[in-house]
Amino acid sequence: MERLKSLFLEILNVDFIDMVISGQKGGDTAKIKVRPVLVKDRLMFQVTRHIGTQVFHVNECGDVLAGQLAEDVFNHFKQVQIRTKNMTISVMISKKGLVTIKKKQTAVQTDMPKLAHNRKKSYILEEGRPVPFLIDLGVMTEDGRVIQKRYDKFRQINRFLEFIEDILPQLDKDKELTIIDFGCGKSYLTFAMYYYMKVLKGYDIHIIGLDLKADVIRNCNQLKDKYGYEKLEFLHGDIADFEGVRQVDMVVTLQACDTATDYALYKAVLWKAKVILSVPCCQHELNGHMDSEALSGMFQYGLMKERFAALATDSMRAMLLESVGYKMQILEFIDMEHTPKNILLRGICKNGVHRCEPDEKYMRLKNLIQAKPTLERLLMTMDQKKIHGKRG
């Protein structure tokens, strides 16, 4: 272990580029990465530890870090790869604890990475600033500190608000905007949307959260009353049957299961909603009936067929919404390491909706897998009297 400590003391200096420690053989940490950073103009080293689905960062000075890494590597890992200004170094640790170090001289790198000052990521809802609903929902402490176990939720909320920020120019700030959140659940994102648009940005909005769980809806209504959010309401009901409003400016549907997403998207089209934000979930429909001789090799594996069905479902949803007048984007919601449900469909309608006319690309995909999507059926049978051309 002393050889490792001496090595790390030698290389952790201004010529250091990066280090990757891998080959887990014990402990909780799957991988460690190290890179140099400047903290108040002092050379430090940022250590990134991957533990399960979480990532933790800490900054240390070189002499302290050398001992810590030596112990970690010797006890819990099999290999280390290091890059410096003029050398690459490989370290191997055998099962019996034999340490092998191989150094290779390289051409001096003239384009060394610039040391970045270590700044916290800038979030729309800032760390250290208490937000009432985040405290009550268990994401923040009363002094505004994000609870470590809920940091993924904090990142998800802020990522969602970044999508909201992007579409604000599409919404009319001079009138009351109606927003529907189908399948709102515990409503982390519904409260965040209201807080951001109403409290921080000053938009005149009326948000309706809809969910099938009566106890969840009851709790959400109690919270919104506590905060004085007068134009936020939560209703118990089903997406397919909801008829509570005549006009909607934005439809949000986050992880509505299977065809519930299709009904939410269909409702959005009927209302000529200016904006659609949808994170689909549990795309079972196509997986149950699609078939393709050309793809039979893939479809023989259940997991591959399931994943293909999910991607095909959301691709076809986007193409169908394009066919009725929406400009569509498929975006990454949050990193795959946090959740597999990370695709967001974002639609903007500028010139009104019209009859559904799927294009050739859609029909080729549909015929290839013999798909019968619910959203296509709904849109193709849509009563044209229910849509009224361009919105003002």
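**Close-ups of a cavity, a pocket and a helix pair**

**View 1. The largest cavity has a volume of about 50 Å³.** This is a predicted model, where local features need pLDDT of at least 70, side-chain atom pairs count only at pLDDT 80 or more, and totals for chains, interfaces and linings use all residues. Residues are numbered from 1 along each chain as its sequence is written, and side-chain values use heavy atoms, with hydrogens and water left out. On a 1 Å grid over the protein atoms alone, a cavity is a set of points where a 1.4 Å probe fits but cannot get out. Its volume is the space filled by probe spheres set on the points, with grid points joined across faces, edges and corners. Searching the whole structure turns up 1 cavity of 30 Å³ or more.

**View 2. Who lines the largest cavity?** Look for Asp 262, Glu 285, Leu 286, Thr 313, Met 316, Arg 317, Leu 320 and Pro 373; lining residues have an atom within 4 Å of a point. Helices (H or I, at least four residues) and strands (E, at least two) are DSSP runs, numbered from the N terminus. By class, this lining has 4 nonpolar, 1 polar and 3 charged residues (Ala, Val, Leu, Ile, Met, Phe, Trp, Tyr, Cys and Pro count as nonpolar, Asp, Glu, Lys and Arg as charged, and the others, Gly among them, as polar).

**View 3. The second largest pocket has a volume of about 560 Å³.** A pocket is an open set of points with protein on both sides within 12 Å along at least five of seven lines. Here 25 residues do the lining, and Gly 183, Cys 184, Gly 185, Leu 254 and Gln 255 lie nearest the centre. Helix H4 (151-167), helix H5 (188-200), strand S9 (205-211) and strand S11 (250-257) each supply at least two lining residues, with S11 giving the largest share, 4 residues. The lining splits into 12 nonpolar, 7 polar and 6 charged residues.

**View 4. Two helices from that pocket lining, H4 and H5, meet each other.** Their axes (lines fitted to C-alpha atoms over the stretch in contact, with angles from 0 to 180 degrees between N-to-C directions) come within 10 Å and cross at roughly 50 degrees. Residues in contact (heavy atoms within 4.5 Å) include Phe 160 and Leu 161 in H4, and Tyr 188 and Met 193 in H5. In total, the contact has 10 nonpolar, 1 polar and 2 charged residues.
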